[in-house]
Amino acid sequence: MSGGGTPSSGSSGWVTTLLASASFARAYTLTVFAAVFASFAIERLMSPTTYVTIVAGLCLLGIGILIARRDEIALLRLVPFTVLAFIAWATISAVWSTDAAATLRNALTLAGIGLLAVVIGHIRDTLQTVRALGDVLRTLLGISLGVEILSGILLDTPFRFLAVEGNLASLGPVQGIFGTRNLLGFVAVLALITFLIEYRTQSVRTGVSVASVILAGSLAAFSDSPTVLVLAVAVGLAVLALVLVRRVRPARRRAVQFTLGGVVVVGIAVGYALRHPIVALLGAGTDFSMRVDLWNLMVDYLRFRPVQGWGWYGPWDDGEFPFNALNFALRSDHATGLNSYFDVLLQLGWLGLLLFFALAGIALVRSWLVATERRSVVYAWTPLLLVALLVDSMFESFTLTGLGWLMLVLCAVRAGQSRSWRERIGERLDPSLPPAAPGL
């Protein structure tokens, strides 16, 4: 310790150095991904309180990291405005919610998970984030396969405490440690995107990449989730579109982008018109019919509060209106609206849905433009992940909570670092601001 220092200042300097270090940033990122993606297993093996405590601790650590790195982070570019607006509207909805305390609690959870994403977005670049997520998903999917082998083949008994049915011997459906087959399938698709980016960037050994893709692909198939095929097709088409645009000369790129946008709009319209044959082809007719009945009833209840909705809850509270009325009318026990857009519409009204569209849409456009203009394939990770999140949101509400919300905010932060109107304003107001992160 230097002669002019004090024990307290020396201790503070040591803590600051640790929090600002690259090794601590990597450990923090791995821990956040592991905790949020394994939330179901943590809650079942320990308790929901344990999971909340872990997330709260990570939030405090995240705030400490941001303070330690304050000289390299511009406050103006810390959080995308659309993320702040959506969380603010969810919080304000406590005013008209039937349970203000529950709404504030759930809005705080939304903000907490969002904070974790913001911290990761500022302390790790895209390739480092891909590597961290890849390592975590390899581990969690490997554990899921091991649990399914133990339950479905070696012991031939379901693990009720993990909601594992033990159906691996009959080739599915399996749930792994994620609770439902649809969430396992969704995570497996996110993993496939991540593993393929790892392979293309050669950030891990080829053997590890191939084994990882086989693991994720196998669990996606064994999940027997009808949404997996839809996600795979959507992401595959997005990959083809990215390849096409990247190979076009810059002078023609804008025209190609607008053409692709028109094709997407037409494709959505055609898909909606042919929804019944498509559902029959996927063998999900009964499931889809149940979802349509639920969505129609949600729209009926929305008519009473079209602008502001019924208040933010995230996952449904079956003891609160209108969720209890919806489940009673349908004789079911739905925990979500099985559609992120309808869920936002019911809970936050049309204004909330517009904010959600702004959050996701601006992030997708920004990340897509960056991916088509820059040479490194790692830039494709963000828009492809967003495509998977937004398509899956048509069938599940995963994007509004937990791992889905974490990845949505992380993608929004990453996209905003490369293309942000606040970045240009900040540079004009204060030329000494640190330059925006390049995103790689």
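View 1. Arg 138 counts as buried because its relative accessibility is 16%, buried meaning under 20% relative accessible area, exposed over 50% and partly exposed in between (1.4 Å probe, protein chains only). This is a predicted model, in which local features need pLDDT of at least 70, side-chain atom pairs count only at pLDDT 80 or more, and totals for chains, interfaces and linings use all residues. Residues are numbered from 1 along each chain as its sequence is written, and side-chain values use heavy atoms, leaving out hydrogens and water. Asp 135 forms a salt bridge with Arg 138, with 2.8 Å between the closest N and O atoms; the term needs a side-chain nitrogen of Lys or Arg within 4 Å of a carboxyl oxygen of Asp or Glu. Both residues sit in helix H7 (residues 126–154), 3 residues apart, about one turn of the helix. Helices are DSSP runs (H or I, at least four residues), numbered from the N terminus.

**View 2. The salt bridge between Arg 181 and Asp 224.** Here the closest N and O atoms are 3.8 Å apart. Arg 181 belongs to helix H8 (residues 181–201) and Asp 224 to the loop between helix H9 (206–222) and helix H10 (226–247), so the pair ties together parts 43 residues apart in sequence. Arg 181 is partly exposed at 29% relative accessibility, and Asp 224 is partly exposed at 44%.

**View 3. The salt bridge between Asp 300 and Arg 303.** Their closest N and O atoms lie 2.5 Å apart. Asp 300 is partly exposed, with a relative accessible area of 35%, whereas Arg 303 is exposed, at 59%.

Conventions
Helices (H or I, at least four residues) and strands (E, at least two) are DSSP runs, numbered from the N terminus.
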